[in-house]
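Me: I am new to this one. Can we go through the labels and ask what stands behind each?

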Amino acid sequence: QVQLVESGGGLVQAGGSLRLSCVVSGSIVSIAVMGWYRQAPGKQRESVATISSGGRTNLADSVKGRFTISRDNAKNTVYLEMNSLKPEDTAVYYCRLAIGRDYWGKGTLVTVSS
């Protein structure tokens, strides 16, 4: 059973930084498409950043230049480095793994105060 566990969320002031981590059970990170998604209160879940098995990344326009997605295959972990955070980045952030089917973590809350 594949499990994803996110961590690193918390409360931060606008302009601050956080690094989210997603640890995956099993050594499949290297061959999967990984992604970070977020859902703000009252809004639909949206894609924030994805990284392919080959390392190609894609970021939402709203976070380009501020967020970076990376992976450490040896640690079965995907990271989301978030800088210059804004109040509109406040959301629950979810990790997703796609390999034949989708797997999701339970999410970690990021709150950015103004």
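Below, each label is set against its cut-off. Reply: The model is predicted.

Me: Why is the link between cysteine 22 and cysteine 95 called a disulfide?
Reply: The S to S distance for cysteine 22 and cysteine 95 is 2.1 Å. The cut-off is 2.5 Å, so the pair counts as a disulfide. The structure holds one disulfide.

Me: What makes that disulfide left-handed?
Reply: The torsion about the S-S bond is about -85°, so it is left-handed. The pair joins distant parts of the chain: cysteine 22 sits in strand β3 and cysteine 95 in strand β9, 73 residues apart. Both cysteine 22 and cysteine 95 are buried.

Me: Why does glutamine 13 count as exposed?
Reply: Its relative accessibility is 60%. Exposed means over 50%, so glutamine 13 qualifies. Glutamine 13 lies in strand β2.

Me: How do you know that aspartate 61 and lysine 64 form a salt bridge?
Reply: Their side chains meet at 3.1 Å, N to O. The limit is 4 Å, so the pair qualifies. The structure holds five salt bridges.

Me: What makes arginine 96 buried but aspartate 102 partly exposed?
Reply: Arginine 96 has a relative accessible area of 17%. Aspartate 102 has 34%. That lies between 20% and 50%, so aspartate 102 is partly exposed. Aspartate 102 and arginine 96 form a salt bridge, with the closest N and O atoms 3.0 Å apart.

How values were computed
Residues are numbered from 1 along each chain as its sequence is written. This is a predicted model: local features need pLDDT of at least 70, side-chain atom pairs count only at pLDDT 80 or more; totals for chains, interfaces and linings use all residues. Side-chain values use heavy atoms; hydrogens and water are left out. Helices (H or I, at least four residues) and strands (E, at least two) are DSSP runs, numbered from the N terminus. Buried means under 20% relative accessible area, exposed over 50%, partly exposed in between (1.4 Å probe, protein chains only).
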